[in-house]
Amino acid sequence: MLRKLFLITSLTLLLTACQEGRGNDLASDSIELQRKANEETARGIAERNNERLEKAKILIEQSLEADPRNHFALINRAQIAIYQKNYELALSTVEQAYDIAPSNDSLPLFRCMLIEEVESNESARECYSAVEESYAERHELGGEIPANWMSAAILADSHAALELAEAYLEQEKAKGVMEAEFAEMTIESLQDGSYVDQVLMR
């Protein structure tokens with residue numbers, strides 16, 4: 001049961017982190033339209049219902065018309081593109097979102113995963129390495145380790161990956177049994193490639 005829950009979580013982890021419209025500086029009608037689009041997207045994917053996905057696309061366009069700065073709506077568009085295997089559109093959309101919101105912590109790693117699919121493993125590794133370096137500049141071992149830092153290190157095949165993974169696992173063990181199990185499965189899936197497969201709905 002926990003492994004099944006993990007697979008669902010890994011599929012939506014980055015997308016959910018990016019999608020939830022919480023920006024106080026965004027137009028309220030744009031946020032509401034985007035939230036409706038999220039709901040239609042989630043149901044459309046779960047039900048394999050193209051009508052719902054088309055409705056979601058309309059809501060996304062309306063959300064962006066109400067406020068072009070709503071990068072959450074762009075991430076919603078990327079999610080649909082990934083489901084429909086249009087990875088080029090997903091990548092360009094994520095890059096658009098990142099231009100609007102460079103402080104969104106989940107976008108850089110998500111972008112690297114799409115580069116891995118669209119361009120090459122070498123380009124992706126360079127991207128993962130840059131993300132890891134960015135985290136290393138802002139954090140220190142011994143403090144709280146963000147999951148994305150550990151993830152980028154593993155995906156970049158960094159020399160620091162093992163140390164970060166071990167420290168992250170110890171950090172999560174201190175939080176509880178379930179957190180520890182999720183951490184173990186996350187690390188394992190990052191190492192065998194299945195985490196990226198799940199996020200990109202391969």
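Tutor: Leaving out neighbours within four places in sequence, Gly44 is in contact (heavy atoms within 4.5 Å) with Asn49, Arg52 and Leu53. Before we go on, note that this is a predicted model, where local features need pLDDT of at least 70 and side-chain atom pairs pLDDT 80 or more, while totals for chains, interfaces and linings use all residues. Residues are numbered from 1 along each chain as its sequence is written, and side-chain values use heavy atoms, without hydrogens or water.

Gly44 sits in helix H2, residues 28–47 (a helix is a DSSP run of H or I, at least four residues). Its relative accessibility is 0%, so Gly44 counts as buried (under 20% relative accessible area, 1.4 Å probe). Ala56 comes 12 residues away along the chain from Gly44, and their C-alpha atoms are 8.4 Å apart.

Now look at Phe72, which belongs to helix H4. Phe72 is buried too, because its relative accessibility is 7%. Between Phe72 and Ala101 there are 29 residues in sequence, yet 9.3 Å in space from C-alpha to C-alpha.

Take Ile82: beyond four places in sequence, Ile82 touches Tyr87, Ala90, Phe110, Leu114, Val199, Leu200 and Met201.

H6 (residues 107–118) packs against H7 at an angle of about 170°, with the axes 8 Å apart. H6 and H7 are therefore roughly antiparallel (over 145 degrees). On the H6 side, the contact is made by Pro108, Leu109, Arg111, Cys112, Met113, Ile115 and Glu116; on the H7 side, by Asn121, Ser123, Ala124, Cys127, Tyr128 and Val131.

H7 (residues 121–138) has a further partner: H8 (residues 147–155) packs with H7 at about 140°, their axes 8 Å apart. From H7, the residues making this contact are Tyr128, Val131, Glu132, Tyr135 and Ala136, while H8 brings Asn148, Trp149, Ala152, Ala153 and Leu155. Find Tyr128 in your view: this residue takes part in the contact of H7 with H6 and in that with H8.

Technical notes
Axes fitted to C-alpha atoms, helices over the stretch in contact; angles between N-to-C directions. Helix = DSSP H or I, 4+ residues; strand = E, 2+ residues; numbered from the N terminus. Parallel < 35°, antiparallel > 145°, perpendicular 65-115°, else oblique. Buried < 20%, exposed > 50% of the residue type's maximum accessible area, 1.4 Å probe, protein only.
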